[in-house]
Amino acid sequence: MRSIAFAAALCFASAASLGQEVTPSPDASLVRAALGDFVRRTDTMSLHRDGVVLIERETSAWTMETIRYFSLGRESAKCPIARDLYEAVAVRNPAKELAAPLVAKSPKWRLLAKDEAGSRAGYAVDKSSSGERVKTLAVISRPGYSAKADAALVLFHFRWSMHSAIAQYLLRKEGSQWKIGCSELMFYP
């Protein structure tokens, strides 16, 4: 079973490195919903309100320790999220992975190009290597699902200056569609 997973990971890595289409993950629709709201907001910008969101090529790794470190899930939160959803995020994101399967195509966001990757991480970015105005730089992760699969949590880091922030989105399943229940941004100086 592990050899099948390893072979699949190599295929994704090879396709992504060659610029080929990558098969979207079933999680991509939830990430797209969160990013769709994120790009419309004016409080998520680093330098430009109307720029593209550049997404790091690898996902974030999460543990319950890092979730506590960032003070996520406190009762005072404007968007109350159950602890089991944070635990599900930690279980589904034990290590960094390729972000490409989670990123649906959009004119409002895209993966960092190879020549951009790692060159500006940690800083506010004004323009991409191709001259696009950049709203912010983000690192996404795989969503965590509730036991009944009727709620999901999408977390990602982003830059609001030289500092970082976390966007957290609680999504609820309504019929066959996922809808944003609430969201909250956590800014760190």
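P107 counts as exposed, with a relative accessibility of 78%; exposed denotes over 50% relative accessible area, buried under 20%, and partly exposed the range in between (1.4 Å probe, protein chains only). The model is predicted, so that local features need pLDDT of at least 70 and side-chain atom pairs count only at pLDDT 80 or more, while totals for chains, interfaces and linings use all residues. Residues are numbered from 1 along each chain as its sequence is written, and side-chain values use heavy atoms, with hydrogens and water left out.

P107 lies in the loop that joins α4 (83-92) to β2 (109-111). Between the C-alpha atoms of P107 and V53 the distance is 9.3 Å, with 54 residues separating the two in sequence.

The chain contains four helices and seven strands, arranged from the N terminus in the order α-α-β-α-α-β-β-β-β-β-β. Helices (H or I, at least four residues) and strands (E, at least two) are DSSP runs, numbered from the N terminus. Of the 189 residues, 43% are buried. Among contacts (heavy atoms within 4.5 Å) with a separation of 6 or more, 67% involve residues 24 or more positions apart. The chain exposes about 10300 Å², of which carbon and sulfur atoms supply 56%; the areas come from the Shrake-Rupley method with a 1.4 Å probe, and for residues only the protein chains shown count as cover.

Strands β6 (residues 164-174) and β7 (residues 177-187) pair in the antiparallel sense over ten bridges, pairing being assigned where DSSP finds at least two bridges between two strands. Two residues lie between the strands of this hairpin, where G175 adopts a positive phi near 70°. E174 stands opposite Q177 in β7.
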